[in-house]
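I opened this model to look up a few local features. My notes follow the structure.

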Amino acid sequence: MVVTRGRLLIAGAVAALVLAATLLLTLLTGGTHVAVPAAPIQGATQLSRSGVLFGDRVRASVQVIVDRKRIDPSRVGFTTHFAPFVHIGPARVTRDDSGRLTRLVYSAELICLTNLCLSKANPEPVHVQFQPTQVFFTAANGLRRALVLPWQATTIGPRTTVQDLNGADPFQQPSWRATTDPLPVSYAHSPRTLRLILFGAAGLLFALGLFALIRFVLTGKLRLRVLTPLERAVVLVERAPAESPEKRKALELLSHELARSGEPDLAVVAKQLAWAEPTPLPTLTQPLTVDVRKLIGQRSNGHAA
C-alpha cells in the first residue's frame, strides 16, 4: 500500500474528528465524573506541620468524604481531643458537594503554652500524639456508628539550647524573651475629628438650651407655638408689599381661611379687598387685619367667636 500525501491528509482529518468528538462528549457529560467510594464514609486527618517550636500555632484538620445516597451529611459529627494543645477560637466545619459526594472538613487552630509542651531534658523535643478522632454518623439501617481516624505524631521543639542558657547573663533579660508590651493603639476614626464633632454638637445643644431658657424667662412659655392657618394668612397680608400681586394672593388666602373658620362677613371683606382696583390700599387692609387678630385673641382666651 502506497502512502500518499492525500491519504495522510485524510488520516489527519479523521484523527482530528475523533479528538473533537471526544472533547465534545466530555463537555456534554460534564467532564467531572467522581468515582463513588466503596465505603459510605471515608476520612483522614492532617496537621499543617509535622513539628513545631514552643508557642507556634498548628492547624489540625479532619477531612471526611460522605456518599449522600447512603449517609446524610447533616447527621455527621466530630469528637476531637488535642491535649495538651488548646483551641485558638472556635473550630470550623466546611462543606463542599460534588455529584453524589460531600466533603466535610473540620479544622481547628491549636497552640500549647504550658509546661506540658516543654521538655525537662532541654533541648530534647516533646513528642505529642493526639487521641484518635471519632466521626459519628447514622448508617442506612438507622444505627449510630463511629469512624476512628488516627493522627500522625508531632514534636514540639524548645526555643533555647544548652549553649544559650549556659552563656546567658543571669542579671540581664534574655534577648529571646517574649514582649508583654501592648500593641500600638489604632483607631477606626481620628480622635481629633471625633473631638471636633462632639464639641460642635455639644455647643449646638448648649445654644438650644440657652435659647429655651431665655424664652422661658421672658415669656413664661418654653414651647414654641405653631401658628394656625388663619394666623399664617394674617402674617402674609401684613408682610406683603403694598401694590403687589403678593398682596392680592395673601388677601385671597385670608378670605379662604376666614370662610373655613366660620367668619363669612370678614371673608367677603377680604375677597373684595383682594380684587379692589387699582390695588388693595393699606388704609383698608390694616383695619381688616386688626379685626382678624382680635378674633384670634378672643378664641385663644376661650371666648366664642
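These entries cover a sheet, a set of aromatic rings and a surface patch.

Entry 1: I am working from a predicted model. I kept that in mind throughout.

Entry 2: Three strands make an open sheet in the order 4-9-10, and the pairing is antiparallel. Which strands sit at the edges? Strand 4 (77–79) and strand 10 (144–149) do, since each pairs on one side only. I also noted the twist, which averages 25° from one strand to the next.

I then checked how strand 4 meets strand 9. Strand 9 covers residues 133–138 and runs antiparallel to strand 4, with three bridges joining them. Which residue of strand 9 stands opposite Thr79? I found Gln134 there.

**Entry 3: aromatic pairs.** How many aromatic pairs does the structure hold? I read off five. I followed two of them.

One is Phe82 with Phe130, an edge-to-face pair. The ring centres are 5.2 Å apart and the planes make an angle of 80°. Buried or exposed? Both Phe82 and Phe130 are buried.

Phe130 also pairs with Trp151. Why do I call this pair edge-to-face? The centres are 6.1 Å apart and the planes stand at 85°, so the pair counts as edge-to-face; the cut-off for that class is over 60 degrees. Here too distant parts of the chain are linked, 21 residues apart. Trp151 sits in the loop between strand 10 and strand 11 (154–157). Like Phe130, Trp151 is buried.

I then asked which residues the ring pairs link into a cluster. They are Phe82, Phe85, Phe130 and Trp151.

**Entry 4: the surface patch.** I turned to the surface next. A nonpolar patch there is formed by Phe206, Leu210, Leu213, Ile214, Phe216, Val217 and Leu218. Together these residues have about 760 Å² of accessible area.

I picked out Ile214 and placed it in helix 3 (residues 191–219). Why does Ile214 count as partly exposed? Its relative accessibility is 45%, and partly exposed lies between the buried limit of under 20% and the exposed limit of over 50%.

Definitions and conventions
Residues numbered from 1 in each chain as written. Predicted model: local features only at pLDDT ≥ 70, side-chain atom pairs only at ≥ 80, totals over all residues. Heavy atoms only, no water. Patch = residues over 30% accessible without salt bridge, like charges linked within 9 Å, V, L, I, M, F, W, Y side chains within 5 Å. Areas by Shrake-Rupley, 256 points an atom, 1.4 Å probe, with all protein chains shown as cover. Salt bridge = Lys/Arg side-chain N within 4 Å of Asp/Glu carboxyl O. Helix = DSSP H or I, 4+ residues; strand = E, 2+ residues; numbered from the N terminus. Buried < 20%, exposed > 50% of the residue type's maximum accessible area, 1.4 Å probe, protein only. Pairing = 2+ DSSP bridges. Axes fitted to C-alpha atoms, helices over the stretch in contact; angles between N-to-C directions. Phe/Tyr/Trp six-rings, centres within 6.5 Å; stacked < 30°, edge-to-face > 60°.
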